[in-house]
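Hi everyone, thanks for making time this morning. I'd like to walk you through one model, starting with a pocket and then moving on to a helix and a pair of rings.

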Amino acid sequence: MKYSNIWCGRVEMLTALFFEQLIMKKTQWHFDSTAISPKEAVRLQRELQQQVIVKDQFDTIELVAGVDVGFDKASNRGRAAVAVLRYDDLTLVESAVAESELTFPYVPGLLSFRELPVVLKALEHLSVWPDIFLCDGQGIAHPRRFGIACHLGCITGIPALGVGKSRLCGSHEEVGEEKGSLVELRDGDEVIGAVVRTRRGVKPIYVSPGHKISLETAIKVVLKCVTKYKLPETTRSAHALSLFNTRSRTQGQHQQGNGFYL
């Protein structure tokens with residue numbers, strides 16, 4: 001288990017390094033919408049993609065975390081939720097929620113620049129850090145091979161993978177109907193992920209490595225976290241917390257075990 005008071009400094013340092021034009025405040029994460037343009041973000045993605053590692057670089061897995069972001073179009077705000085679960089029995093260890101205004105425009109392929117600022121705010125409220133992040137989105141199954149799972153993994157140094165509900169790029173053959181059936185997701189001759197059936201009669205999900213994890217292991221981790229539903233329990237737990245209509249959850253709130261603490 002990695003404690004946030006050790007890692008928050010690393011996150012801040014790496015974020016400042018990666019976002020050279022980023023304006024940050026000491027007490028909170030703050031991305032100025034004028035600090036980086038979409039064109040500059042594309043350039044930065046290409047540069048940071050060179051740091052992505054798609055090999056397993058971890059030992060044992062004890063804790064896994066789902067990461068999801070909900071949106072309120074009326075207020076242009078995002079609510080990030082991180083749910084940390086035990087890998088062996090998928091019980092909740094801790095969760096955290098943060099909310100902030102979205103300052104980067106909605107641009108397909110650049111969603112990590114829009115979502116990560118509020119995700120990082122949520123991470124600051126964790127007392128334990130996971131061994132692997134499961135992000136609601138893409139890893140290398142991305143036009144520039146740098147989805148949100150790659151971005152979060154590179155910033156934190158923690159292995160991360162993407163679990164997408166839809167395909168951003170690439171093509172694939174038909175997937176078998178049985179749970180656990182899968183086919184490769186390809187972009188030309190390159191394998192960028194896998195299309196995995198997690199429930200019979202339900203559309204498959206798109207799994208791809210983000211950072212410090214292989215595709216083979218990413219698939220195993222996702223299937224281990226799936227119960228009787230389409231999405232892994234990590235994603236389901238984070239998604240439930242990220243909903244804006246859940247009025248009982250407020251910014252900066254975190255949960256340990258079965259109780260909430262502010």
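By pocket I mean an open set of grid points where a 1.4 Å probe fits, with protein on both sides within 12 Å along at least five of seven lines. Please keep in mind that this is a predicted model.

So, how much space lies in the largest pocket? About 570 Å³. Its lining is made up of 27 residues, and those nearest the centre are Y106, L111, E115, D136 and G137. Two elements each give two or more residues to that lining: strand 1, at 63-72, and helix 3, at 111-123. Helix 3 provides the largest share, with four residues.

Is helix 3 mostly enclosed or open? Twelve of its 13 residues are buried, so the rest of the structure largely encloses it.

Last, the rings. There are two aromatic pairs by our rule. One of them joins W129 and F133 edge-to-face, with 6.3 Å centre to centre and 70° between the planes. Both W129 and F133 are buried.

That's my tour; I'm happy to go back to any part of it.

Technical notes: Residues numbered from 1 in each chain as written. Predicted model: local features only at pLDDT ≥ 70, side-chain atom pairs only at ≥ 80, totals over all residues. Heavy atoms only, no water. 1 Å grid on protein atoms, 1.4 Å probe; cavity = no way out; pocket = protein on both sides within 12 Å on 5 of 7 lines; lining within 4 Å. Points joined across faces, edges and corners; volume = space filled by probe spheres on them. Buried < 20%, exposed > 50% of the residue type's maximum accessible area, 1.4 Å probe, protein only. Phe/Tyr/Trp six-rings, centres within 6.5 Å; stacked < 30°, edge-to-face > 60°.
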